[in-house]
Amino acid sequence: MRQFLREHYQLVAFILLWIFLAARVPWLLYGILPIGIFLLRRADRWQDILFSFIMVLVLSDMLRGLPGMRVMAGAKGVVALALGLVVLVDQVRMQPMARLFYIFLPFFAYAFFPIIWSEVPVTAFEKTLSYGLLFLVVPNFVLYNFRLHGWDFFKNLVWFLVLVLAAQPLLPIFWPAENFYVAERFTGFFGNPNGMAIFVYLTLVLFTVVNQLHRGLFSRTSVIFIYAVLAYYLITCGARTSLMSSLMFLVFIQFFRISLLLGIISFIAFIGLAELLSSNLPFVINALGLHEYMRVDTLADGSGRYIAWQYVWQQINEKGFFLFGGGFENEYVIMERAYPILSPLGHEGGAHNSYLTFWLNVGIVGLILYFRSFALIFIKAGKNTSLAMAVMFSVLFSVLYESWLTASLNPYTILLLVILTVMSEEEIIGSLSTDVEELEAKPVLVSNEPLILPAR
């Protein structure tokens, strides 16, 4: 981490400047953030461009905490457009482009169609455009950074994500501590503990993928430290879904490494076991003494999620959203309108289910198109590494209880795109065998002098 800070101290100073300006003159960030992107491009600091984008998305989720951070919710759209412009201008130097965007292109082409039925067509158009931009920008920035810096880029990316998490205990020191807690659960930069847990889970997946693919990239001490930081936040967040997704991923790695069939069977068995445990979960948790951490009092009503799912399914069938949906942002409009109805029943927030959220937004047609591309990219990645299937099944479980996959400008979808790019791009995966071949091809003797054996 110290090496990362030495090489990227300017980025850290840049982020601190945002925080200062957000508290004093937040409107300036609408200009400073995109200008900063172009200045970093001019200085060929392509890693810092991607890191900056991730940090903007992290801060944009902070509804409470640091003063003035609400400006990031609007400014992040400007940053996304700036990044899209950079890809457009520099597409020649980025050739060949990443393939991930083209695999999802049928979905993006269709996603504009349901806007016809949207109650907020302008916002729906913006959300659809930003979702497509994310899939275009992120894989190409990842691939281009890899061409410039090799696997050291992924090493720096992991250290940046860990630094974001490790810096969070400083927040209550400089600002009121109550701003960073919800129901005694630490929220940090993310505005809510569940959001932090998703970020930790995806960082864990990214780090494990990179570390498994490129052995020796991180020292043994670094590996222990990174896993310790991630485990600490994953446990202290108290988010059951992200904890379970992380455990699924780590366990399924071993099964899928043996065979695909065994991995699928283990997943089905896991779901069956989860259903068995869910009916007896309060008794098991109380017996283990984990009632406070696992929040037993919220289990009876499914933390409000099941109420939301029932309501969303009713809307899909009764409001004409079954086939084509109502455009991006449709789920937000419906759930906001239902707040007075659902809040007394124990639910606050969105649908908490990416499948139902997609269904509301783009209908079953869009849902099929999206997960058709989702399956194809993982099948492609699965040909390169057995890790891909473990990632896929853990993500499918995670998005069953959270809607993060349906949003573009959040700090979670971007990490999944980085993971997919690492596993699916032949240029990245192929470099591993190339490095080995080059090492084996190196001559033992590099001098033209004759070899003189020492006298016995």
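Good morning. Helix α4 is largely enclosed by the rest of the structure, because 15 of its 15 residues are buried, where buried means under 20% relative accessible area, exposed means over 50%, and partly exposed lies in between, with a 1.4 Å probe and protein chains only. This helix covers residues 46-60 and reaches 22 Å from its first C-alpha to its last, close to the 21 Å expected at 1.5 Å a residue; the expected span is 1.5 Å times one less than the number of residues. Helices here are DSSP runs of H or I with at least four residues, numbered from the N terminus.

Some notes on the model itself. This is a predicted model, in which local features need pLDDT of at least 70 and side-chain atom pairs count only at pLDDT 80 or more, while totals for chains, interfaces and linings use all residues. Residues are numbered from 1 along each chain as its sequence is written, and side-chain values use heavy atoms, without hydrogens and water.

The pLDDT, the predictor's confidence in each residue from 0 to 100, averages 87 for the protein chain, and 88% of the residues score at least 70. Over residues 435-456, however, the pLDDT is below 50, and this stretch has zero contacts in the model beyond near neighbours in sequence; contact means heavy atoms within 4.5 Å. Where pLDDT is low, the predicted coordinates should not be read in detail.

I turn now to the salt bridges. A salt bridge is a side-chain nitrogen of Lys or Arg within 4 Å of a carboxyl oxygen of Asp or Glu, and by this rule the count comes to seven. One of them joins Asp44 and Arg93 at 3.8 Å, N to O. Asp44 lies in the loop between α3 and α4 and Arg93 in the loop between α5 and α6, so the pair ties together parts that are 49 residues apart in sequence. Asp44 is partly exposed at 48% relative accessibility, and Arg93 is partly exposed at 38%.

Arg93 also meets Asp90 in a salt bridge of 3.5 Å, N to O. Asp90, by contrast, is buried, with a relative accessible area of 5%.

Another salt bridge pairs Arg147 with Glu427, whose closest N and O atoms are 2.8 Å apart. This pair links distant parts of the chain, since Arg147 is in helix α8 and Glu427 in helix α21, 280 residues apart. Finally, salt bridges that share partners join Arg41, Asp44, Asp90 and Arg93 into one network. Thank you.

Note on methods:
Helix = DSSP H or I, 4+ residues; strand = E, 2+ residues; numbered from the N terminus.
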